[in-house]
Amino acid sequence: MSNLSLYTTTAVVLIDSDGNRLLAKYYDPPHLRQQTVAEPNRKPNPGMVQLGFNGFSSQLRTLKDQRAFEKTMWEKTRKSTGDILIIQNHLVLYRSIIDMTIYVVAQESENELMLQTLLNSFFDAISILLRNQVEKRSVLENLDLVSLCLDEMVDDGIILETDAVAIASRVSRPKADVGGVNLADITINEQTIMQAFSTLRDKAAQKILQGSL
């Protein structure tokens with residue numbers, strides 16, 4: 001049965017070509033997370049199971065489990081030519097880019113088209129932010145922007161936004177601006193310095209002449 005809840009995404013992970021994690025965010029619905037902390041041995045509510053929940057990412061709550069799952073994903077996808085797999089009862093969509101791979105993980109019963117939209121939108125958004133240089137080095141140098149981009153798209157497993165342009169505009173770094181003048185547009189060179197010196201000299205000469213009158 002398909003998942004009828006808003007909580008659709010289990011994880012979004014970026015892994016480099018050597019199998020190392022670049023960025024990973026795992027999600028749990030808040031109510032299930034609180035239940036697990038309070039009663040770790042309690043079985044999932046039957047009503048939640050009918051809605052598509054079966055512990056959600058309960059298998060991936062510890063760092064050890066997450067690392068093991070990521071290693072399995074990387075091993076299974078690095079030689080694969082497809083873009084979707086079932087791994088340990090999880091639906092995994094992925095996109096390989098130069099020296100890294102983006103993974104979107106969800107429950108096995110989740111809607112593939114919705115997850116594919118999330119994957120493509122995330123790639124498009126970081127492409128805008130990184131000026132089409134989507135590779136390991138650029139991602140690491142701008143990890144704050146990439147992380148914010150993902151936060152704008154997914155919250156606690158709920159897909160909030162898939163408009164890449166809107167997302168990129170929210171998290172892009174604002175240009176330095178002082179008094180309405182964009183400092184990034186000011187070019188400083190020898191000619192600019194000479195002009196400033198000449199202007200200062202002329203004003204000083206005027207002050208001296210005014211003082212002697």
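Contact means heavy atoms within 4.5 Å. Helices (H or I, at least four residues) and strands (E, at least two) are DSSP runs, numbered from the N terminus. The model is predicted: local features need pLDDT of at least 70 and side-chain atom pairs count only at pLDDT 80 or more, while totals for chains, interfaces and linings use all residues. Residues are numbered from 1 along each chain as its sequence is written, and side-chain values use heavy atoms, with hydrogens and water left out.

**Exercise 1. State how many helices and strands the chain has, and what part of the chain is buried.**

Solution. The chain holds 8 helices and 9 strands. Buried means under 20% relative accessible area, exposed over 50%, and partly exposed in between (1.4 Å probe, protein chains only). By this rule, 38% of the 213 residues count as buried. As for contacts between residues at least 6 apart in sequence, 59% join residues at least 24 apart.

**Exercise 2. Determine which residues of helix H7 are buried, and what they pack against.**

Solution. Helix H7 covers residues 164-171, and its buried residues are Ala164, Ile167, Ala168 and Val171. These residues cover an arc of only 95° around the axis, which puts them on the same side of H7; the arc is that of the directions from the helix axis to the C-beta atoms. An α-helix has 3.6 residues a turn, so residues three or four places apart point the same way. The buried residues of H7 pack against H4 and helix H6 (143-153). Val165 and Ser169 are exposed on the face turned away from the buried side.

**Exercise 3. Check the span of helix H3, then describe its two sides.**

Solution. The expected span of a helix is 1.5 Å times one less than its number of residues. For the 15 residues of H3 (residues 63-77) this gives 21 Å, and the end C-alpha atoms are 21 Å apart, which agrees. Gln66, Phe69, Glu70, Met73, Trp74 and Thr77 are buried in H3. The buried residues of H3 fall within an arc of 135° seen down the axis, so they line one face of the helix. Their packing partners are the strands E1 (9-16), E2 (21-26), E3 (84-87), E4 (90-97) and E5 (100-107). Lys64 and Lys71 are exposed on the other side of H3.

**Exercise 4. Describe how E1 and E2 are joined.**

Solution. Two strands pair if DSSP finds at least two bridges between them. E1 and E2 run antiparallel and are joined by 5 bridges. Leu14 has Leu23 in E2 as its bridge partner. The hairpin has 4 residues between the strands, and Gly19 takes a positive phi near 90° there. In E2, 5 of the 6 residues are buried.

**Exercise 5. Locate Asn89 and Asn132, and give the phi of each.**

Solution. Most residues other than glycine have a negative phi. Asn89, in the loop between E3 and E4, has a positive phi near 65°. Asn132, in the loop between helix H4 (112-129) and helix H5 (136-141), also has a positive phi near 65°. Asn89 is exposed, with a relative accessible area of 52%, and Asn132 is exposed at 67% relative accessibility.

**Exercise 6. Classify the aromatic pair found in the structure.**

Solution. Rings of Phe, Tyr and Trp (its six-membered ring) pair if their centres lie within 6.5 Å; planes under 30 degrees apart count as stacked, over 60 as edge-to-face and the rest as tilted. A search of the whole structure finds 1 aromatic pair. The ring centres of Tyr94 and Tyr103 are 6.1 Å apart and the planes are at 35°, so the pair is tilted. Tyr94 and Tyr103 are both buried.
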